Structures are given as structure tokens and as C-alpha cells.
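Trainee: I have a new model open and would like to talk it through with you. Could we start with the overall picture and then look at some details?

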Amino acid sequence: MRRFFARLVNLVRPGRAERDLEREVASHLSLIEEDLMRRGMTPEAARTASRRTYGGVEQAKELHRDARSFVWMEQVLQDARHACRGLWKSPGFVAVAMLSLAFGIGVNAAIFTLVNGILLKKLPVPEPERVVQVSAKLKEFESNGFNYPAYRALSRQPAIFSDTIAFSGRRSNLELDGEPHPIDFELVTGGFFRFFGARPALGRLIDDEDDRAEGAHPVCVLSYNAWQTHFGGNPAVLGRSIRIGSIPLQVIGVAAPEFVGPELQRRFDVWAPSAMAGSFGSQRENGNTIWLHILARLRTGIPMAEAQARLAGVSRAIEDSLPPDRANHGAVYRVRDASKGYDSWRSTLQDPLYILMGAVTLVLLVACANLANLLLARAGERRQEFAIKLSLGISRWRLLRQLLIETFVLAFAGGAAALALAAALTRVLLAIFNSGSQYQSLHVAPDRSVFLFTFAACVCTALLAGLYPAWQAARTDAAAGLKGGALQGPRRALVRRGLILVQVTLAVVLLFGASLFTHSLSNLKVVNLGYDIDRVLSVAIAQRGPVGSTPQVIAPHALAEVLARVRQLPGVEAAAFSEPGPLTGQMMSTDLTLPDPSGGTRRADNVHVMFIGPGYLPAMRMVLVRGRDFTAADGPAAPGVAIVNQRLASLLWPGQDPIGKHFPGWGIKDLEIVGVAGDSNYKNVREAKVSIFYQSFDQSKIRGGVLAVRCRGAAAAVERQVREVVKTSAPDYQVSNATSMELLRDQWLAQDRLLAFLSTLFGTLGTVLALVGIYGLISYSVTRRTREIGIRISIGAQRGNVLWLFLRESLLLIAGGMLLGLPLALVLARFLKKMLFQVSVADPLGIAATLILLAAGGLIASCAPARRATKIDPVRALRYD
Amino acid sequence: MPSEEKPRIQVLQGTLDLIVLRTLETMGPQHAYGIAARLEQISGDLLNLNQGTLYPALVRLEQQARIKGSWKKTESNREARYYAITRAGQKALAEETRRWRRMTEFVDKLLVEES
């Protein structure tokens with residue numbers, strides 16, 4: 001083993017061993033000489049004699065070299081140097097081959113970066129398998145969000161968990177010198193940093209004491225990155241008071257640079273104790289505020305199933321111990337594996353990522369076929385060279401090895417370019433994914449596994465693309481090869497056509513996939529939400545101040561004041577309150593059971609509830625099908641009123657006029673229906689239209705609301721004005737979030753945007769590679785048949801006939817590829833079904849687009865070289881050898 | 001002259017290592033020429049050794065860490081690479097010696113019985 005390494009060292013540093021050898025041989029010879037002279041020989045005689053005694057100097061050196069190193073490895077390096085020289089001489093070939101490989105391997109490395117960062121990596125804690133994520137299941141809903149009392153009860157289950165933490169991330173602003181800097185901010189419980197074994201880079205981290213009494217410790221910890229970015233890494237930041245969204249917090253420490261937290265794909269800039277939640281709009285003791293996520297560490301020796309069973313056993317007791325006025329009572333608590341970190345992306349991104357990985361594999365296959373084709377063509381041109389080599393006595397095995405090494409050199413050079421490309425592409429992908437998302441930003445960086453993956457991809461590519469051409473070349477018949485020029489055997493021509501066929505087939509699959517995702521995204525963008533989000537700002541306004549001190553109130557004067565003043569702003573067309581806001585992802589829902597005139601009952605489950613103020617429907621340009629909108633008269637003192645949407649009306653009062661009907665509402669025993677509104681989306685973009693009833697905002701108990709503001713012009717100016725209005729007219733309230741509804745919608749489309757972009761990229765890449773292959777084949781074919789064409793033209797063939805000769809070849813290949821590719825694409829498209837929105841997996845539009853694009857591309861790619869054939873001068877062609 | 005020479009023996013495959021190690025053990029650190037000279041001296045010029053052929057053995061032994069080479073000055077103030085046997089080399093020498101003894105014993109026995 002030791003000898004192996006010594007040889008390896010010699011291989012890497014041959015110069016040194018060689019110098020040593022030189023020195024030793026010289027010294028040896030002089031020692032012999034000296035001895036001989038001592039015995040009385042003349043210096044000249046001694047010199048000759050010493051050589052004789054020593055034996056052949058060069059022979060000895062060779063023996064020495066063989067002993068100190070791996071002969072074959074040295075030969076390999078020699079071949080590699082030889083290959084580099086050879087490649088250097090054909091820059092065109094190298095450029096095309098390298099580009100194919102750089103893109104083919106590059107997109108693989110980029111997608112693998114995501115797969116690795118999101119699906120494969122484990123939390124950097126000891127025994128990550130013990131880390132679990134807690135959820136609560138109530139009927140068919142499973143929620144990962146918790147209120148603080150539930151967290152407290154769960155953290156007191158030593159028979160199940162040894163350690164429990166809760167956290168709540170949000171976007172906020174760090175105010176420095178009056179300038180807001182957007183940051184990701186997280187409220188965490190006292191054991192948070194201990195859970196991950198985190199160390200401070202400076203000061204100390206949040207502990208249990210900081211998190212005990214509500215509002216008592218307005219402190220925070222900075223991430224290493226935030227410390228560097230916003231405070232220039234100045235240690236004087238310790239003890240300084242900073243403002244997070246206008247709340248002053250004292251910096252007590254900086255986390256170590258490697259600290260990540262519960263989710264490997266998210267980065268936070270500032271952490272504060274959950275006891276400070278009241279200042280940030282979440283009320284810690286309130287059982288109805290769902291704002292925390294929970295991670296726990298299973299007690300040693302408790303397997304997941306056992307924990308699950310024990311947790312189910314105590315769920316009832318936990319639920320009963322919680323504040324009684326909660327809306328979602330009776331949940332069963334569950335755990336699931338979180339060894340790879342808290343899962344807010346993983347399960348949703350898993351399928352798309354695997355599909356993308358599949359797509360890039362196809363791209364790599366196309367690139368491989370391209371490379372194989374290039375190599376075959378090159379080998380055809382070098383037949384004479386191979387024949388000479390073989391007749392000079394090089395073994396076929398050595399020739400095969402030389403050619404394979406050449407492919408490896410290409411593959412690794414392409415791989416290096418691919419790594420650079422992948423890093424850039426990954427950044428672009430994350431930017432696409434994160435744009436429009438205001439709460440979560442995905443953070444993934446390449447690491448050693450990505451490097452290893454790329455290396456493996458290079459090796460596979462080189463073998464896949466290089467083996468057959470090298471084997472073919474090594475079988476060259478020396479005698480025939482010496483005589484003929486770059487002739488192409490019929491079998492090799494067949495293989496080259498086969499490779500093109502494979503390329504076109506895969507390109508069809510990739511293009512069709514791209515068309516499906518693009519179509520799906522465009523469907524999502526034009527989906528009729530039931531309201532018009534054009535130039536609408538969604539401004540969430542919530543009570544400020546310590547927890548519990550401000551109960552829910554009906555029709556607070558301050559909010560009415562805000563609304564009145566916002567409506568007077570010159571840039572505002574219309575404004576109205578709702579709670580919750582549409583597309584914010586928040587929801588309230590209830591089940592309704594009403595007596596039926598026929599004597600039975602009619603049920604509607606999961607009916608969504610929204611409180612809306614007068615003027616909300618017109619402000620959002622929603623349809624009022626029948627009846628009236630809420631008015632200022634529908635206040636706290638007036639009888640309860642409701643508007644139902646068409647879907648709910650048809651469920652509960654089919655065939656009847658719902659106006660004037662009564663039903664029990666949210667917090668109000670009896671509501672009278674005064675209007676029927678059109679159906680609309682509530683929580684997100686993809687959902688089917690749900691049943692909704694609206695209650696009057698002025699009759700509902702609220703802590704705040706979402707102000708929808710339709711602007712006349714630029715929304716940014718209006719947003720500033722609205723913030724100012726809230727500050728002056730409603731000092732007890734604050735703007736907790738303000739964004740355009742377009743952004744709200746787009747954050748539901750992040751994944752679709754990413755899929756559409758990537759599938760289009762891969763489809764384009766696969767198609768371009770296939771077209772390059774076609775171009776190469778026709779181009780080569782034209783060169784090879786120059787004489788034949790010369791003869792054809794001289795005996796009267798028209799230019800059109802010649803053109804057709806070559807176009808026919810490429811059209812046949814493209815048609816063949818389509819015939820093979822289309823059924824394959826249709827079969828594979830089934831796997832995409834879940835991710836598509838209102839697009840059939842056999843989308844005729846997609847099929848048509850795919851076929852037309854490929855046919856047009858193939859014609860262009862083959863026309864250029866085919867036209868060259870028509871310009872052949874018959875006289876020169878016939879002289880040409 | 002050549003006719004007067006006794007028939008020279010070739011170094012048996014695999015015994016060169018043993019010979020070198022043994023030489024270094026008895027003589028202490030020695031350069032390649034010293035080893036070669038010593039061998040010729042002991043064998044009474046029986047051993048046909050191109051001195052250059054010593055090198056593969058020296059390299060091999062050094063890579064196996066059985067000997068260690070370092071540049072030093074000879075008495076005549078020339079520089080030469082001196083090889084010394086290491087602890088691992090001594091262990092290997094003992095082992096090789098034992099194996100050699102067994103081998104020769106066996107061959108001797110064979111030759112006695114055959115004759």
C-alpha cells in the first residue's frame with residue numbers, strides 16, 4: 001500500500017524523481033571511477049571501464065523508472081498529453097463537443113445542486129434521524145402551524161420528546177439610519193439555538209431566560225451574514241439597540257457563520273425570543289393565533305411509530321388543557337421525519353425536482369449522442385492515421401485507450417465548464433423561484449457532492465459517447481485504411497443515423513414537456529379569480545402592543561378613520577377592508593348544516609368565511625349576482641347580514657332564491673342573506689372555486705384587517721401614503737404587510753414559473769443539440785459525396801434534385817424521431833399531470849407546437865449544408881480526390 | 001582471458017532484496033556502489049551483477065520503507081546516496097531469511113534424494 005502511494009507521488013511529480021536518479025547514477029559512476037583509478041587506471045580508462053561495470057546507463061534508468069511508477073499510468077498521462085495536442089489542432093470539433101458537454105453536464109449539475117440541497121442533505125446535528133416535525137390533524141386537514149399554548153403543552157412530554165423548539169419566520173425591515181433594509185426575521189423559543197448545538201461567533205445566543213416572560217427581554221441575535229452585511233463585522237454591535245420593523249431590540253450576540261437553523265434551504269438574518277411576539281403582531285397566549293412551527297427531538301430509544309402512538313394517546317389531554325375558545329379544537333398530534341430539516345419546501349418540490357432531474361438526464365443523453373456522432377465523424381476522417389499507427393505496431397488496445405482518453409479529456413474539460421455554468425444557472429433558478437415570494441426565500445449552494453456528481457457524469461458521458469467510436473476505430477483494417485481516405489463504412493453510417501434518431505426522439509419528449517408547462521403557466525396567469533387584481537394593493541393592518549391587552553373588537557373607530565382617509569388619497573380609485581385578505585393563504589372555514597324544506601338536512605362542509613366592508617365587492621370588481629352589497633347601515637347594532645357566493649347558494653338552497661334566508665354565521669347566531677356574489681378564489685390561485693359566505697366587516701370581531709386599495713397609477717407612492725395614514729390615524733395599529741395582489745398571486749406560481757422556465761430551457765437545449773447533430777450529419781454527408789454530386793450535376797441533375805437528396809435524408813430522420821418520440825412523450829406526460837393546471841397530458845396545442853418547431857428547426861439545420869451541395873462546381877469536384 | 005573465467009551465476013529472481021538487506025545489515029549504511037562492490041567481493045566475482053540493476057531493488061525497498069536513503073559525503077568527499085536498513089527492513093530480512101532457509105533446505109533435500 002505504501003508503495004502504491006510512493007508510486008502515485010512519483011507519477012504526480014516525475015521531475016523530482018528523475019533528477020534524483022540522474023544524480024545517483026552520476027555519483028555511482030564517479031565512485032567506480034575513483035576506485036579504479038586508485039587501483040592504478042588512467043582517468044580515461046577508468047571512465048570507460050566504469051560504464052562497462054555499471055551496465056547500460058539508459059537501460060538502468062528505464063528499469064528504475066519502471067520500478068518507481070506505474071507504467072500504464074505514465075502511458076495514460078502521455079496519451080492525455082498526446083490527446084490534448086491532437087484536440088488543439090481541431091478547434092472546431094473541440095468547440096462543438098465542449099459546448100454540448102458543458103450544457104449537457106451543466107444543467108445536470110445545476111438540477112442536482114437543487115436535488116442535493118433540498119432532498120438529500122441532512123441537518124448538521126448529531127443523530128438527525130431523531131429530529132421530527134410536529135403537525136396537528138383535524139379531520140382531513142393537517143396543519144403544521146401551532147399556537148403557543150399548544151407548543152408549551154407539547155414541550156412538556158418528556159416520555160416522547162427530549163427537546164422541543166418552535167419558531168416563526170417572517171419578512172421584516174431592519175431600520176438603519178432611518179433606511180429600511182428588508183431582512184428575514186425569526187421569532188424563536190428559548191431552546192432554539194441549543195437544539196442545533198449552535199455556538200455564537202460573538203456575545204451569546206438566546207436562552208430560556210430570554211424567552212420566559214412576555215416582552216421582558218427585547219433582545220436579538222444577528223446572523224453572521226447580517227452582521228457582516230449591515231454592520232461591517234464590527235464587534236461594537238454588541239449591546240447596540242437596533243430596530244426591526246420599528247421595534248427596538250438589543251443585540252446580544254452573533255451566530256456562528258455555519259449556523260443554518262431548522263431549514264437547510266432558508267437563511268434568517270435576525271432572531272428574537274418568541275416572548276417578543278406581541279410586538280410583532282402575533283399573540284403568544286392566544287389559542288387562535290396559529291403562527292409557530294415545531295421541531296422536536298425524539299427521546300432516545302423511542303422509534304417514530306412508538307412516538308406517533310404515544311402522541312396520539314396524549315392528544316386529547318393536550319387539547320383539553322388548551323384555552324377553550326379555540327376554533328380548531330380536537331386535533332390529533334402527529335410527528336414525521338425531519339432529519340433533513342423542517343419541511344416547508346421539500347414535499348412540494350420533490351416531484352418537480354425528480355421530473356427536472358429526469359429531463360436533464362434526457363438532455364445529457366442528447367449531448368452524449370451528439371458527442372458520439374462527432375467522435376464517429378472524426379474517427380472516419382482519421383482512418384488513415386489509425387491505419388498507419390496500427391501498421392507501425394501499436395496494439396489495438398492501446399489505440400482504443402488513446403481514443404478513449406481523448407474523449408475523457410474532452411469530457412473533463414466540458415465538465416469544468418459545466419461546473420461554472422451550473423453555479424450561474426443555480427443562481428438564476430433561485431432568483432426566479434424567490435421573486436415574488438415575500439415570506440420564504442430558498443437558499444441552496446453547491447457542495448462537495450455536486451462536485452462528485454459532476455465528476456461521475458463526466459465519466460459516464462465519456463464512456464457512453466466514446467466507447468463505440470473508439471472500438472470502431474481500433475478495428476480499423478490497416479491495409480484498407482492505408483489505401484482509402486476517410487471512407488465511411490455502411491455500419492458506421494447507420495449508427496450515426498441511429499444516433500440522430502435518438503436525439504430527435506428525446507428532443508420531442510423534452511419539447512412536449514416544455515409546451516405542457518408553458519401552457520399550464522399561461523393558464524394560471526389568466527385564470528379568472530373572480531376579482532380583478534390589477535393595480536390592487538393588499539395592506540394588512542394589525543393591532544400593535546403587548547399581547548392580550550387588546551381584545552378583538554367590533555368596528556374599531558381607528559380602522560374606519562384609516563379607510564375614510566385612504567379613500568380620499570388622490571391616487572386611490574377605491575378601497576375597502578376584508579379579513580382575511582384573498583390570496584394571502586389565510587383562511588377561516590366552518591361547516592354548515594341547515595334544515596331542508598323536505599324535512600331532512602343539507603350540509604356544506606368547509607365553507608370559507610370572509611368579513612368584507614361596504615364597497616368591497618365593487619372595489620374588487622366582483623360580480624353581485626342578486627340582492628345588495630353591505631352598506632354603512634350594516635353596523636354593530638343592525639341585524640346580522642350575509643352575502644353568499646353562487647356555489648354556496650346552489651349547495652344549500654338549490655333551485656331557490658337564497659335572498660332572505662337565514663343561517664348561523666361566524667360569531668353571530670343568525671344571519672340574513674342580502675345578496676349573492678359571483679364565485680371567486682379565496683386562498684390561492686389553483687384551488688377550485690369554493691363555497692364562501694361574507695359577513696359585514698363592521699359586525700365582526702376583529703384584530704385588524706386587510707385593506708384592498710385599487711390605485712389609479714403607481715402603487716409604490718400609494719403604499720407610502722397608506723402607511724403614513726395608518727401611523728397618524730391609527731396609532732394602535734401597524735402595517736404588518738403591504739404588497740401588490742399581483743405579487744400575492746405570483747407567489748403561488750413560483751413553482752410553475754420555475755418549471756416552465758426550466759422545461760423550456762431544457763427543451764431548447766435538447767432541440768438545439770439535436771439540430772446540431774443533423775447539421776453535422778448532412779454537412780459530413782455533403783463533403784463525402786462531393787464527387788458523386790459533381791457527377792450528378794454534370795450529367796444534368798437540377799439544383800433542386802441535389803437539395804432534395806439531402807433534405808430527404810434529414811426529413812426522414814426527423815419524421816422517424818417524431819414517430820418514436822411522440823408516443824414516448826405522451827406516456828411520460830402522465831407523470832406531469834399533478835403539476836399541470838387545466839392542461840390535458842395529450843395537449844393538442846403542445847403536440848402541434850412540438851412538431852412544427854422541430855420540423856422547422858430540422859429544415860433550417862439541413863438546408864444550410866444542403867445548399868452548399870447545390871453550389872458544387874462539377875469540374876472541380878471531379879478533379880477532387 | 002574470457003576462457004579463464006569461472007561460469008558466473010545470475011541473481012535468482014527475488015533474492016536481490018534479501019542480499020541487499022543482508023548487506024546493509026552487516027555493513028551499516030552504504031551507497032549503491034559500496035553494496036555492489038561488497039557483493040562482488042563476497043561472491044569472489046561469482047556474481048554477475050550489472051551495477052545498474054541494483055536500482056530497481058533499491059527503489060522498491062525504499063518504497064516499501066525497508067531501507068531509507070539519504071545524500072551524504074563519502075570519505076573522498078564525493079556525494080553519494082547512502083542507504084540504511086530500517087526497523088521494518090530488519091523484520092523483513094528475518095522473514096526473508098527464514099523463507100530462504102526453508103527453500104534451500106527443500107531444494108537440498110530434493111537434490112539429495114534425486115541423486
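Predicted model: local features only at pLDDT ≥ 70, side-chain atom pairs only at ≥ 80, totals over all residues.

Trainee: How many helices and strands does chain A have, and which two helices have axes that come within 10 Å?

Mentor: The secondary structure of chain A comes to 26 helices and 24 strands. The axes that come within 10 Å belong to helices α11(A), residues 346-381, and α22(A), residues 750-784.

Trainee: Are α11(A) and α22(A) roughly parallel or roughly antiparallel?

Mentor: Their axes cross at roughly 10 degrees. Angles under 35 degrees count as roughly parallel, so α11(A) and α22(A) are roughly parallel.

Trainee: Which residue classes make up the contact of α11(A) with α22(A)?

Mentor: No charged residues take part in that contact. Its members are eight polar and 20 nonpolar residues.

Trainee: Turning to chain B, which strands stand at the edges of its open sheet, and why?

Mentor: The three strands follow the order β1-β3-β2 with antiparallel pairing. Seven bridges join β2(B) to β3(B), and B:K73 stands opposite B:E79 in β3(B). An edge strand has a single partner, so one side is left without a neighbour in the sheet; in chain B these strands are β1 (30-31) and β2 (67-73).

Terms used: Residues numbered from 1 in each chain as written. Chains lettered and ligands numbered in written order. Helix = DSSP H or I, 4+ residues; strand = E, 2+ residues; numbered from the N terminus. Pairing = 2+ DSSP bridges. Axes fitted to C-alpha atoms, helices over the stretch in contact; angles between N-to-C directions. Parallel < 35°, antiparallel > 145°, perpendicular 65-115°, else oblique. Nonpolar A, V, L, I, M, F, W, Y, C, P; charged D, E, K, R; others polar.
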